Amino acid sequence: MKTYKNFIRTIVVLTAVSLTSSCSDFLDEEDESNFTTDTYFTKAEHAESAVNGIYEPLVPITNSGFGGGTWLMLEFATGLANTSLGQATNIYLVKDLINNSDNGYGSSYWNEYYTGISRANLAIEKIPEINMDETEKQNYLAEAKFFRAYYYFGLVRMFGNIPIITNSVDLASEQLYPEQATAKAVYQSNNK
């Protein structure tokens with residue numbers, strides 16, 4: 001029994017010593033994979049990645065499924081296309097020129113294109129801060145500006161008056177709740 005008590009005391013003493021003398025630096029690690037907009041844009045590869053991300057919102061627009069696809073919105077709005085599919089409710093909304101939040105196709109266009117605009121705005125703001133080849137930097141900026149204008153052009157054609165957002169937006173941004181602008185104002189804002 002005495003051996004057992006000595007064993008427990010030894011374990012308790014060793015545990016207490018190890019807890020008080022443990023190295024906290026060993027346990028403190030910086031997550032190198034956790035990027036923020038303030039820490040990410042540091043090299044040319046980041047500029048390329050940011051611009052490549054501007055392309056991604058084009059992909060969901062081309063997807064199709066059981067009820068059709070968002071890309072059908074353009075064709076059915078002309079009145080030249082028709083369907084007899086009962087499950088294609090979004091198509092019927094488009095044919096009747098009802099383009100509101102009930103229309104999943106319109107919602108997809110709106111969300112994806114504004115996602116592209118948001119990514120373009122971030123690239124346009126952050127790429128100039130990167131120390132890289134100036135020609136390459138200007139090419140990336142031109143590409144980001146082109147796609148921002150492309151997304152705005154598509155939104156104006158689809159919805160008419162839309163909000164103009166030309167800066168990256170966070171929860172403290174004035175542009176978090178933007179006002180709608182005319183098509184002319186949208187075109188002029190992207191002509192800079």
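User: To start, what percentage of the residues of the protein chain count as buried?
Analyst: This is a predicted model, and of the 192 residues in its protein chain, 30% count as buried.

User: And how many helices and strands does the chain have?
Analyst: The secondary structure of the protein chain comes to 10 helices and 4 strands. Read from the N terminus on, the elements follow the order α-α-α-α-α-β-β-α-α-α-α-β-β-α.

User: How does the lining of the largest pocket split by class?
Analyst: The lining has 13 nonpolar residues, along with 4 polar and 1 charged.

User: Changing topic, how many salt bridges are there?
Analyst: The count comes to 2 salt bridges. In one of them Arg119 pairs with Glu56, and their closest N and O atoms are 3.2 Å apart. This pair links distant parts of the chain, since Arg119 belongs to helix H8 while Glu56 sits in the loop between helix H4 (44-55) and H5, 63 residues apart.

User: What about the salt bridge of Lys137, which residue does its side chain meet?
Analyst: The side chain of Lys137 meets that of Glu134, at 3.8 Å from N to O. Lys137 and Glu134 are 3 residues apart in helix H9, so they are separated by about one helical turn.

User: And how accessible are Lys137 and Glu134?
Analyst: Lys137 has a relative accessibility of 9% and therefore counts as buried, whereas Glu134 is partly exposed, with a relative accessible area of 46%.

User: While we're on helix H9, where does Tyr140 come in, and why does it count as buried?
Analyst: Tyr140 is also found in helix H9, and it counts as buried because its relative accessibility is 12%, which is under the 20% cut-off. Tyr140 and Glu48 are 92 residues apart in sequence, but their C-alpha atoms are 7.1 Å apart in space.

User: What can you say about Val94 and Thr78?
Analyst: Val94 and Thr78 are 16 residues apart in sequence, and the distance in space is 9.2 Å from C-alpha to C-alpha. Val94 itself lies in helix H7 (residues 89-95) and is buried, with a relative accessible area of 5%.

User: Last topic, the surface. Which residues form a nonpolar patch there?
Analyst: The patch is formed by Phe7, Ile8, Ile11 and Val12, which together have about 370 Å² of accessible area.

User: Where is Ile8 found, and how accessible is it?
Analyst: Ile8 is found in helix H1 (residues 2-20), and with a relative accessible area of 37% it is partly exposed.

Key. Residues numbered from 1 in each chain as written. Predicted model: local features only at pLDDT ≥ 70, side-chain atom pairs only at ≥ 80, totals over all residues. Heavy atoms only, no water. Patch = residues over 30% accessible without salt bridge, like charges linked within 9 Å, V, L, I, M, F, W, Y side chains within 5 Å. Areas by Shrake-Rupley, 256 points an atom, 1.4 Å probe, with all protein chains shown as cover. Salt bridge = Lys/Arg side-chain N within 4 Å of Asp/Glu carboxyl O. Helix = DSSP H or I, 4+ residues; strand = E, 2+ residues; numbered from the N terminus. Buried < 20%, exposed > 50% of the residue type's maximum accessible area, 1.4 Å probe, protein only. Nonpolar A, V, L, I, M, F, W, Y, C, P; charged D, E, K, R; others polar.
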